[in-house]
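Here is a friendly briefing to read alongside the model. Please keep the structure open as you go through the points.

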Amino acid sequence: MKKLMAVLAGLVSAALGIAVGHLAAAFGTPSASPVLAVGSAVIDRTPTPVKEWAIAHFGTHDKVILVGSVLLVVLAAAGGIGLLAGLRRFVLAGLGLAALTAFAAAAALSRPTANVTDAVPSLVTGVVATLALVGLTRVLASRPARVDGTEGGRGPGRRTVVAVGALAGTAVAAVGVGGTARWLVARRTRAEQITLPAPADPAPPLPAGLDRTVPGITAFRTPNARFYRVDTRLDTPVVDSSTWRLRIDGDVDRTVELSFDDLLAMPLIERDITLTCVSNSVGGPYTGAARWLGVRLTDLLDQAGVGPHADQILSTDVGGMTISTPLEAATDGRDAMIAVGMNGEQLPRAHGFPARLIVPGLYGFIGATKWITRMTLTTYADHTAYWTDRKWATDAPIKPSSRIDTPRPLASLKAGDVVIGGVAWAQERDGVEAVEVRIDGGPWQRATLGPSGGEDYWRQWFTRWDATPGDHTLACRVLSGDGATQTPVRANPFPDGASGIQSISVSVA
């Protein structure tokens, strides 16, 4: 029982320390919270195949699982430290707490934009956990008092009650402080209320899609709240638009620095564009279509004057994350922009508020920097970005692809009329020309296309199938406007995007 109590003392002490450290980070830099700092360091040092495996198996829950894993490891270590303290191995327990504190502080300071104050939450965590463990260890080691106030009375039951009360009180305090920290972070991450100007070059009205006529099909326009998010951040950056600046430097005629108000004062364009994450597998969910509002990228580059040597735009976000975008792709006439609006609203914080890069036809890891603060015109020979250092491609156009939304894989269907439907995209390939469907390896048959939102936007499609009883295989492919057919050659997302034909199995009764 004593050993169990000692382990619990270590656990609740660490929990209280982590909660207080998270609260301290909430008042400053949320990403400096010890668990988030360690998690971010783990992400940066995780081999690419492991990252791709995590995204493929856990999807957007990969970050929750990572944070949970870090917490489990820390709490397991804290339980061991508590046991050492209970066995009166105070030096070893102290060294263990010091090691955990130093590791978390080092992780916080390893971030590209870190400053010395980012170590404070980790130090606070260490101090609070140490004080809590010392106090609980004393309570657990104390002897119960007699009725007359002297020590040594028979009272193991009373001792247990006092010990359990102390442990429970510490645990309740940890929950309360942690909840307060979460509330404060959520309050800080609420978006500012900004009125965006009307576009000087608006997009035409988006036609009604097949949403209501084909049940189960992906919405023609992805709502902001359902738009996929895949990035390396474990937190949502809190950026004040009044102090935010966009700096354009490097191989330019003049360095330019713009405020958010400066951006809004420039002519804005509005475009319907589909974005896709390079981690998206064939038939995967990491793609979304929205109406974006922003400043043409070429208008901004013209202000700086691009020099003769640059072949890439090295963009940097508020946390120091860097992304390389081929200069040619960003300036070849496509509607590349620094976006400030999404679906008629200001950018959500989770999607880059106050501004982000959008380059149609490029996977997000080279063309969609969120929370952007800097664009440096440079060369690939002189500077490499985060994903380039991890051996991903430097030029990765989005591959034409199609997806079956309905029926779902392994669905059990009734015989008779069945609607097969989904979406397809072929950015910078003259858009989607046609979608074809194949049943059980038979001939490819043309599907009916939904309305067009432009060549940079996906298209919905559907076809009707007279389903007969038995097990069946359904497949789809897209034909792009430039005459290309979606390749059947399978490729993994690394290093320049997945390819292949989606094929699903269904059963009909």
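**Rings, charges and cavities**

Trp425 and Trp458 are both buried. They belong to a predicted model, in which a search of the whole structure turns up 11 aromatic pairs, 21 salt bridges and 2 cavities of 30 Å³ or more. The points below take these topics in turn.

**Aromatic pairs**

- Trp392 counts as buried because its relative accessible area is 5%, under the 20% cut-off. Phe494 has 35% relative accessibility and so counts as partly exposed, since that value lies between 20% and 50%.
- Now back to the two tryptophans: the ring centres of Trp425 and Trp458 are 6.5 Å apart and the planes stand at 45°, so this pair is tilted.
- Trp425 lies in strand 13 (residues 416–425) and Trp458 in the loop between strand 16 (448–449) and strand 17 (459–467), so that distant parts of the chain, 33 residues apart, are linked.
- Which residues do ring pairs link into a cluster? They are Phe365, Tyr386, Trp387, Trp392 and Phe494.

**Charges over rings**

- Tyr386, a member of that cluster, has Arg390 over its face, at 3.6 Å from the ring centre.
- Over the ring of Trp371 you will find the charged end of Arg233, 6.0 Å from the ring's centre.

**Salt bridges**

- Side chains of opposite charge can pair when their charged atoms come close.
- Arg229 and Asp231 form a salt bridge through their side chains, with an N to O distance of 2.7 Å. Arg229 is partly exposed at 22% relative accessible area, whereas Asp231 counts as buried at 19%.
- Arg247 and Asp249 also meet in a salt bridge, at 3.0 Å from N to O. Here Arg247 is partly exposed, with a relative accessible area of 34%, and Asp249 is buried, with 5%.

**Cavities**

- The largest cavity holds about 110 Å³ of space. Its lining is made of 15 residues, and Asn280, Tyr363, Lys399, Ser401 and Ala498 are the ones nearest the centre.
- By class, this lining of the largest cavity has 6 nonpolar, 8 polar and 1 charged residues.
- About 30 Å³ of space lies in the second largest cavity, which is lined by Gly10, Ser13, Ala14, Ala78, Ile81, Leu97, Ala129 and Leu133.
- Which helix gives the most to the lining of the second largest cavity? Helix 1 does, with 3 residues; helix 1 (2–27), helix 4 (62–86) and helix 6 (120–141) each supply at least two.
- The lining of the second largest cavity has 6 nonpolar and 2 polar residues, and no charged residues.

How values were computed: Residues are numbered from 1 along each chain as its sequence is written. This is a predicted model: local features need pLDDT of at least 70, side-chain atom pairs count only at pLDDT 80 or more; totals for chains, interfaces and linings use all residues. Side-chain values use heavy atoms; hydrogens and water are left out. On a 1 Å grid over the protein atoms alone, a cavity is a set of points where a 1.4 Å probe fits but cannot get out, and a pocket is an open set with protein on both sides within 12 Å along at least five of seven lines; lining residues have an atom within 4 Å of a point. Grid points are joined across faces, edges and corners, and a volume is the space filled by probe spheres set on the points. Ala, Val, Leu, Ile, Met, Phe, Trp, Tyr, Cys and Pro count as nonpolar, Asp, Glu, Lys and Arg as charged, and the others, Gly among them, as polar. Helices (H or I, at least four residues) and strands (E, at least two) are DSSP runs, numbered from the N terminus. Rings of Phe, Tyr and Trp (its six-membered ring) pair if their centres lie within 6.5 Å; planes under 30 degrees apart count as stacked, over 60 as edge-to-face and the rest as tilted. Buried means under 20% relative accessible area, exposed over 50%, partly exposed in between (1.4 Å probe, protein chains only). A charge sits over a ring if NZ of Lys or CZ of Arg is within 6 Å of the ring centre and within 35 degrees of the ring normal. A salt bridge is a side-chain nitrogen of Lys or Arg within 4 Å of a carboxyl oxygen of Asp or Glu.
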